[in-house]
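Subject: Handing over a structure

Hi there,

Here is the structure I promised to pass on to you. Please have a look at it first, and then read on for my notes on what turned up.

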Amino acid sequence: VQLQASGGGSVQAGGYLRLSCAASGRTISPYFTGWFRQAPGKEREFVAGISSGGDSTDYVDSVKGRFTISRDNAKNTVYLQMNLLTPEDTAVYYCAVRKYYSAGYHAYDYWGQGTEVTVSS
C-alpha cells in the first residue's frame, strides 16, 4: 500500500490545517491508521490514531481537544484536522498503517512520505 500525506503548510499560531493521508494500491479500511510527527532533533512521536471502522480514536495529550482524526474508507483516506495550532506543533507529519493499534512508530508497516507543518508565533 502507498500512502500520500498532504495538506501541510505554514500558518500562524491559532490557525488551522487539515492533513490528508490518501492510500493507493490497497484499501486501508482494515487497518489502524496513525499520524506521527517529528520535529527537528526530536524522536518521531505518535499524535493520533483511528481504528479501521473509525469508532475508536486516540490522541497524545498535547493535542487533545485541538486535533481530530477521521477517516473516509470510501475514499481510502484518513484526515487530521488541526486547530489552535501552536509553534510546538511544528514538525513533519507522517501517516502510517498497521493491522492493530499501536502508539509505537517501530510497529508500523507502511508509511507516507511526510508533510511539513510550520507554525509561527
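A search of the whole structure, which is a predicted model, finds one disulfide. The partners are Cys-21 and Cys-95, with sulfur atoms 2.1 Å apart. This pair links distant parts of the chain: Cys-21 belongs to strand β3 (residues 17–24) and Cys-95 to strand β9 (residues 91–98), 74 residues apart. The link of Cys-21 and Cys-95 is right-handed, with 75° about the S-S bond. As background, a disulfide is a covalent bond between the sulfur atoms of two cysteines. Cys-21 counts as buried, at 0% relative accessibility, and Cys-95 counts as buried at 0% too.

Now for the overall build. The protein chain has zero helices and 11 strands. Of its 121 residues, 44% count as buried. The C-alpha trace spans about 40 × 25 × 25 Å along its principal axes. A compact globule with 121 residues would have a radius of gyration near 14 Å, and the 13 Å of the protein chain agrees with that. Among contacts with a separation of 6 or more, 56% come from residues 24 or more positions apart.

Next, the interior. In soluble globular proteins, nonpolar side chains tend to be buried together. Here the largest nonpolar core has 29 residues, and Trp-35, Leu-80, Met-82 and Tyr-93 are those with the most contacts inside it. Strands β1 (2–6), β3, β5 (45–50), β7 (67–72), β8 (77–82), β9 and β11 (115–120) each supply at least two residues of this core. Apart from it lies another core, of five residues, including Phe-32, Phe-46, Ala-96 and Tyr-108.

Tyr-31 lies in the loop between β3 and β4 (32–38) and Tyr-110 in strand β10 (residues 110–111), so the pair ties together parts that are 79 residues apart in sequence. Tyr-31 is buried, with a relative accessible area of 12%, whereas Tyr-110 is partly exposed at 27%.

Phe-32 and Tyr-101 make another pair: their ring centres are 5.1 Å apart and their planes stand at 90°, so this one is edge-to-face. Phe-32 is buried, with a relative accessible area of 6%, while Tyr-101 is partly exposed at 44%. Both belong to one aromatic cluster, formed by Phe-32, Phe-36, Phe-46, Tyr-94, Tyr-101, Tyr-108 and Trp-111.

Finally, two arginines to look for. Arg-44 lies over the face of Trp-111, at 4.8 Å from the ring centre. The charged end of Arg-18 sits over the ring of Tyr-79, 3.9 Å from its centre.

Key: Residues are numbered from 1 along each chain as its sequence is written. This is a predicted model: local features need pLDDT of at least 70, side-chain atom pairs count only at pLDDT 80 or more; totals for chains, interfaces and linings use all residues. Side-chain values use heavy atoms; hydrogens and water are left out. A disulfide is a pair of cysteine sulfur atoms within 2.5 Å. Helices (H or I, at least four residues) and strands (E, at least two) are DSSP runs, numbered from the N terminus. Buried means under 20% relative accessible area, exposed over 50%, partly exposed in between (1.4 Å probe, protein chains only). Rings of Phe, Tyr and Trp (its six-membered ring) pair if their centres lie within 6.5 Å; planes under 30 degrees apart count as stacked, over 60 as edge-to-face and the rest as tilted. A charge sits over a ring if NZ of Lys or CZ of Arg is within 6 Å of the ring centre and within 35 degrees of the ring normal. A nonpolar core is a set of buried Ala, Val, Leu, Ile, Met, Phe, Trp, Tyr and Cys residues joined through side-chain atoms within 4.5 Å. The radius of gyration is taken over C-alpha atoms; the globule rule is 2.2 Å times the number of residues to the power 0.38. Contact means heavy atoms within 4.5 Å.
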